[in-house]
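The sequence and structure come first.

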Amino acid sequence: MAESLSTVRTGPVTTITIDRPHRMNAITPELWADLLAAFRQVADSDTRVLVLTGAGGNFCTGADLSGDEDAGRPLTFMRTVEETCLALHRLDVPVIARVDGYAVGAGMNLALACDFVVASDRARFSQIFARRGL
C-alpha cells in the first residue's frame with residue numbers, strides 16, 4: 001500500500017484512511033489502484049464493517065488533476081476509477097463514509113457509494129465536473 005493510504009483493523013472493523021492532507025486527500029492514479037487493492041483485501045477478509053475516511057480535516061477532494069501521468073491514457077485511468085468504485089459498491093459488509101470537511105467530485109461519489117454517510121457539521125459536498133471540463 002502507498003504511504004498515502006492507511007488501513008487499520010480493530011477487531012471486526014477495518015478503517016481505510018486516505019492520507020494526503022497536503023492535497024486535501026485528492027486521489028492520484030496510483031492511489032486509485034491502492035484503494036482498489038484495499039477494497040479487495042477487505043472483501044477477502046473477515047472484516048464485518050468498513051469505515052472510509054480522510055485525514056487532516058477533509059474526506060476527499062476527488063481526483064488529483066495536478067499531474068499529467070495519465071494524460072495520454074484517460075480511458076485506462078477511468079477504468080481503474082470504475083473498478084475501484086465497483087469494488088467498494090460490491091462489498092458484502094456495511095461500509096460507512098466518515099466525512100469531515102470537503103467531499104468533492106469523485107470524493108463525493110466515494111461517499112455516496114458507501115452504505116451510510118456520517119457527516120460532521122463541517123462536511124461540504126459538491127460536484128464540480130462541469131466546472132473542470134469533465
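R23 is partly exposed, with a relative accessible area of 35%. The model is a predicted one. The partner of R23 is D64, and their side chains form a salt bridge with an N to O distance of 3.1 Å. This pair links distant parts of the chain, since R23 is in the loop between β2 and α1, D64 is in the loop between β3 and α2, and the two are 41 residues apart. D64 counts as buried, at 8% relative accessibility. R20 joins R23 and D64 in a network of salt bridges.

**Salt bridges**

The whole structure contains five salt bridges. Three of them are tabulated here, including the pair already described.

| D46 | R9 | 2.8 Å |

D46 forms its salt bridge with R9. D46 lies in the loop between α1 and β3 and R9 in strand β1, so the bridge ties together parts 37 residues apart in sequence. D46 is exposed, with a relative accessible area of 56%, and R9 is partly exposed at 40%.

**Nonpolar core**

The largest nonpolar core has 31 residues, and I16, L50, F59, L88 and L110 have the most contacts inside it. Two or more residues come from each of β2 (13–18), α1, β3, α2, β4 and α3. The largest contribution is that of α1, with seven residues. Leaving aside residues up to four places away in sequence, I16 touches L5, S6, T7, L35, A38, F39, V42, L50, V51, L52 and T53.

**Helix α2**

Helix α2 covers residues 74–89; at 1.5 Å a residue its 16 residues should span 22 Å, and its end C-alpha atoms are 22 Å apart, in agreement. Its buried residues are F77, V81, T84, A87 and L88. Seen down the helix axis, these residues fall within an arc of 130°, so they line one face of α2. L75 and H89 are exposed on the other side. The buried residues of α2 pack against α1 (29–43), β3 (49–54), β4 (95–99) and α3 (106–113).

**Cysteines**

How many disulfides are there? The count is zero, the cut-off being a pair of cysteine sulfur atoms within 2.5 Å. C85 is in no disulfide, because its nearest cysteine sulfur, that of C114, is 9.8 Å away and the limit is 2.5 Å. C85 is partly exposed, with a relative accessible area of 24%, whereas C60 is buried at 0%.

**Segments outside the strands**

S4 is found in the segment before β1 (5–10). S4 is buried, with a relative accessible area of 16%. Not counting residues up to four places away in sequence, S4 touches T17, I18, D19, R20 and L31. Of these, R20 also belongs to the salt-bridge network with R23 and D64.

I128 is found in the segment after β7 (124–126) and counts as buried at 17% relative accessibility. The C-alpha atoms of I128 and V104 are 7.2 Å apart in space, while the two residues are 24 apart in sequence.

Conventions
Residues are numbered from 1 along each chain as its sequence is written. This is a predicted model: local features need pLDDT of at least 70, side-chain atom pairs count only at pLDDT 80 or more; totals for chains, interfaces and linings use all residues. Side-chain values use heavy atoms; hydrogens and water are left out. Buried means under 20% relative accessible area, exposed over 50%, partly exposed in between (1.4 Å probe, protein chains only). Helices (H or I, at least four residues) and strands (E, at least two) are DSSP runs, numbered from the N terminus. The expected span of a helix is 1.5 Å times one less than its number of residues. The arc is that of the directions from the helix axis to the C-beta atoms. Contact means heavy atoms within 4.5 Å. A nonpolar core is a set of buried Ala, Val, Leu, Ile, Met, Phe, Trp, Tyr and Cys residues joined through side-chain atoms within 4.5 Å. A salt bridge is a side-chain nitrogen of Lys or Arg within 4 Å of a carboxyl oxygen of Asp or Glu.
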